[in-house]
Amino acid sequence: SPIELQIPLITFSTMYGMDTESFWQIMILTEEGEDTYRIASEASNLLERRHQCSGEDIYQVENFSDYMTTVDKVIGIVTTLVSFVAAISLLVGGIGVMNIMLVSVTERTKEIGLKKAIGARKKTILGQFLTEASVLTSIGGIIGVITGIGLSKVVGKVTGSPTAISVPSIVIAV
């Protein structure tokens with residue numbers, strides 16, 4: 001638990017050579033779950049009463065939870081934008097795979113005709129092409145995940161700040 005020390009303001013100013021009239025900031029720490037808005041309002045009201053300046057808005061109260069709410073909103077917006085860009089990328093990638101497979105089918109019409117001639121059913125031929133598409137996209141997904149994780153680590157090393165890798169996001173993207 002933290003150590004708490006309470007000394008008179010005059011003693012503090014004498015020990016550290018500070019002018020007692022020059023304080024411009026007071027920080028109040030509360031226990032978790034306390035009503036910080038009520039405590040901040042009471043502290044501001046107390047200062048206004050003590051200095052006979054009620055209603056003059058001399059004291060400004062800032063609440064850390066307000067900052068956290070703003071940061072959460074910004075992170076939510078950025079996450080939404082990144083998700084939107086990722087969704088567009090996945091859509092474009094899917095269209096690209098469809099085009100590749102269409103070209104693959106049109107280039108292999110002789111092979112398809114030969115398979116039909118020896119008795120292959122439409123379902124079997126379709127299964128082959130779907131399997132090829134699945135294998136190709138899975139390999140591409142694995143390469144993309146490895147590249148993304150590697151780039152994330154490089155960015156973390158260069159900037160000196162840790163990067164977060166979300167396994168559920170990776171699974172959904174793949």
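**Entry 1: Ser 44**

I located Ser 44 in helix α2, residues 36-50; helices here are DSSP runs of H or I with at least four residues, numbered from the N terminus. The model is a predicted one, in which local features need pLDDT of at least 70 and side-chain atom pairs count only at pLDDT 80 or more, whereas totals for chains, interfaces and linings use all residues. Residues are numbered from 1 along each chain as its sequence is written, and side-chain values use heavy atoms, with hydrogens and water left out.

Is Ser 44 buried or exposed? I recorded Ser 44 as buried because its relative accessible area is 12%; buried means under 20%, exposed over 50%, and partly exposed in between, with a 1.4 Å probe and protein chains only. Setting aside neighbours within four places in sequence, I found Ser 44 in contact (heavy atoms within 4.5 Å) with Tyr 59 and Val 61.

**Entry 2: the nonpolar core**

I looked up the largest nonpolar core and found 5 residues: Met 101, Ile 112, Ile 125, Phe 129 and Ala 133. Helix α5 (residues 122-159) supplies the largest share of this core, 3 residues. Such a core is a set of buried Ala, Val, Leu, Ile, Met, Phe, Trp, Tyr and Cys residues joined through side-chain atoms within 4.5 Å.

**Entry 3: α4 against α5**

I noted that helix α4 (residues 109-117) packs with α5 at an angle of about 140°, the axes being 10 Å apart. Axes are lines fitted to C-alpha atoms, for helices over the stretch in contact, and angles run from 0 to 180 degrees between N-to-C directions.

Which residues meet here? From α4, Glu 111, Ile 112, Lys 115 and Lys 116 meet Ile 125, Gln 128 and Phe 129 in α5. I listed this contact by class as 3 nonpolar, 1 polar and 3 charged residues. Ala, Val, Leu, Ile, Met, Phe, Trp, Tyr, Cys and Pro count as nonpolar, Asp, Glu, Lys and Arg as charged, and the others, Gly among them, as polar.

**Entry 4: α3 against α5**

I found that the axes of helix α3 (residues 64-107) and α5 come within 11 Å and cross at roughly 140°. The contact joins Val 97, Met 101, Ser 104 and Val 105 of α3 to Phe 129, Glu 132, Ala 133, Leu 136 and Thr 137 of α5. By class, I recorded 6 nonpolar, 2 polar and 1 charged residues.

Definitions and conventions:
Helix = DSSP H or I, 4+ residues; strand = E, 2+ residues; numbered from the N terminus.
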